[in-house]
Amino acid sequence: MAQQVNLPFDVVAETGVIGTLLSNPRFVLHSEFLKPKHFYEYENGCIYWAINELYKQGVSEVDDFSIIAQIESNEQVKKIFEKKNINDIKDFLNKAKYVARPTKEEYLKLCKRILNLSFKRDMYNKLENFQQQCLSIDDTSANEINMNINNSLGELAKNYIIDDNVKLFGEVVDEVWEEIVESRNESGFAGIPSKFPILNEFFTYEDGELVLISGREKTGKSMYFINETIHKIENGVPTAYFDTEMSDKRFLERALAYLTGIKIQNIRNGKYTSEDYHKIKDALNWIKKQKFVHYYEPAWTFDKIYTMSRILKNQMGLGFLVFDYIKQTDTNTDMKEADYLGEMCNLLKNNVGGALNISVLAGGQQSPYDMRLADSAKLARYASVIAYWMYKEQEEINNDGADGGNMKLIIDRNRLGRQMREGEYINFRFRGDYARIEQAKYQPLKEKPDFMK
């Protein structure tokens, strides 16, 4: 038989908080971090709730009658007091006044004690639940348990944040300015610059932000990601490429074509000269020395994405993550596809990018009929930037001329910088057989007036 565990609580502290608020209800403004659920005794939590509600209603003088009336107004709260009559409640409130604290500082000390003990109780129950998961012989993976634990503990920590020392912005402005200055790199940009200089006028790849590039099938989205990936590696940024499409073999063929200028088909079929062979060997030796991971997995799960990102952050200081691309890969879920895609976007933006301080570039599928993301409007809710990678229309190619390239990028939504006006796009030259994308010489972007710069 399991040993009975007595979880910690302090009814005297709880009574002291109630008694103090009876005399000084305005003190409740200083204890917004303390919630009714943090009290061990439900009755105390309910009375604390009642005083809060009364003060919100503008009642500055709290007495037995007003508290009892507030309790009677809520059926759930009323049920908790059903075994007590009105005289019992009055007697408790009168006795509570004897342990009231005269100062705000002493009151807050009691509030923090109640909160700390509640945290210990909740943490104990969480850990006990984790123990049960560990004792189970089901097929839950280690990665899934790891993610559940991290998410659960993170959520618990958020519920117990105390910050009763809020500073004026002027007190922290110098420190914040230093953070802004330090976040700039040698090229003068905040975040990691794109390979393509013109894109840096609109956005860079910043920690905690998600850039989503969407395109239709077979338009070279993966080539775009490879170009940005190798650019980051060349600039010393620890980089990972989580792939749902390309095996290591297919990825390496394209990477070698990019680095050597040899056609993908020739690398694949061995149709290269001895000089080309030395270029390939040099490229292979260069890749071996880089902080780079390519991981192919057709069936990524949320927990695997998070766990792999966290491992690589610890192992090599992962700074730039490419996820190619967002689609429903976990077949063991009951979630609707639209909800699943939205949650994956949320995971990449917040759990990976935000929590681990990583810049994230991901792919999305464009609707075959118009310029919007396929399957889920929820992707747009979390992405910092949404852009569409598209083949140019023949009319656009004719109008832009030989220097205008054959591809275009339209930035549809941008929370990180300059907005693109209707009809504008960025020109690129795409050479698929060499896995190469270059910024086109001619750009049709309209120049901003001086007063808008």
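Student: Leaving aside its neighbours within four places in sequence, which residues is Ser118 in contact with?

Tutor: Before anything else, please keep in mind that this is a predicted model. Once the neighbours within four places in sequence are set aside, Ser118 is in contact with Lys37, His38 and Tyr160.

Student: And where does Ser118 lie?

Tutor: Ser118 lies in helix α6, which covers residues 104–135.

Student: Is Ser118 buried or exposed, and why?

Tutor: Ser118 counts as buried because its relative accessibility is 3%, and the cut-off for buried is under 20%.

Student: How much of the protein is buried, then?

Tutor: Of the 453 residues in the protein, buried ones make up 44%, and the secondary structure comes to 16 helices and 9 strands.

Student: Let's change topic to α1. How many of its residues are buried?

Tutor: Helix α1, residues 11–23, has 13 residues, and 10 of those 13 are buried, so that the helix is mostly covered. Among the buried ones are Ala13, Val17, Ile18 and Leu21.

Student: What caps the N-terminal end of α1?

Tutor: That is Asp10, which has a side-chain oxygen 3.1 Å from the backbone nitrogen of Val12.

Student: What about α9 and α10, at what angle do their axes cross?

Tutor: The axes of α9 (residues 221–234) and α10 (residues 248–260) come within 11 Å and cross at roughly 65°, and the crossing is right-handed.

Student: Which residues make that contact?

Tutor: From α9 there are Met223, Ile226, Asn227, Ile230 and Glu234, while α10 brings in Phe251, Arg254, Ala255, Tyr258 and Leu259. Sorted by class, the contact has 7 nonpolar, 1 polar and 2 charged residues.

Student: Now the loops. What is the phi of Lys218?

Tutor: Phi of Lys218 is near 60°, which is a positive value in a residue other than glycine. Lys218 lies in the loop between β1 (210–215) and α9, and it counts as exposed because its relative accessibility is 78%.

Student: And what is the phi of Asn357?

Tutor: Asn357 also is not a glycine, yet it has a positive phi of about 55°. Asn357 is found in the loop between α14 and β5 (359–365), and with a relative accessible area of 45% it is partly exposed.

Student: One last thing: which peptide bond is cis?

Tutor: The bond from Asp324 to Tyr325 is cis, with omega near 0°, and Tyr325 lies in the loop between β4 (320–324) and α14 (337–356).

Methods: Residues are numbered from 1 along each chain as its sequence is written. This is a predicted model: local features need pLDDT of at least 70, side-chain atom pairs count only at pLDDT 80 or more; totals for chains, interfaces and linings use all residues. Side-chain values use heavy atoms; hydrogens and water are left out. Helices (H or I, at least four residues) and strands (E, at least two) are DSSP runs, numbered from the N terminus. The expected span of a helix is 1.5 Å times one less than its number of residues. Buried means under 20% relative accessible area, exposed over 50%, partly exposed in between (1.4 Å probe, protein chains only). A polar contact is a pair of N or O atoms within 3.5 Å; within protein, one must be able to donate a hydrogen and the other to accept it, and residues adjacent in sequence count only if both atoms are side-chain atoms. Axes are lines fitted to C-alpha atoms, for helices over the stretch in contact, and angles run from 0 to 180 degrees between N-to-C directions. A crossing is left-handed if the near helix is turned anticlockwise from the far one by less than a right angle, and right-handed if clockwise. Contact means heavy atoms within 4.5 Å. Ala, Val, Leu, Ile, Met, Phe, Trp, Tyr, Cys and Pro count as nonpolar, Asp, Glu, Lys and Arg as charged, and the others, Gly among them, as polar.
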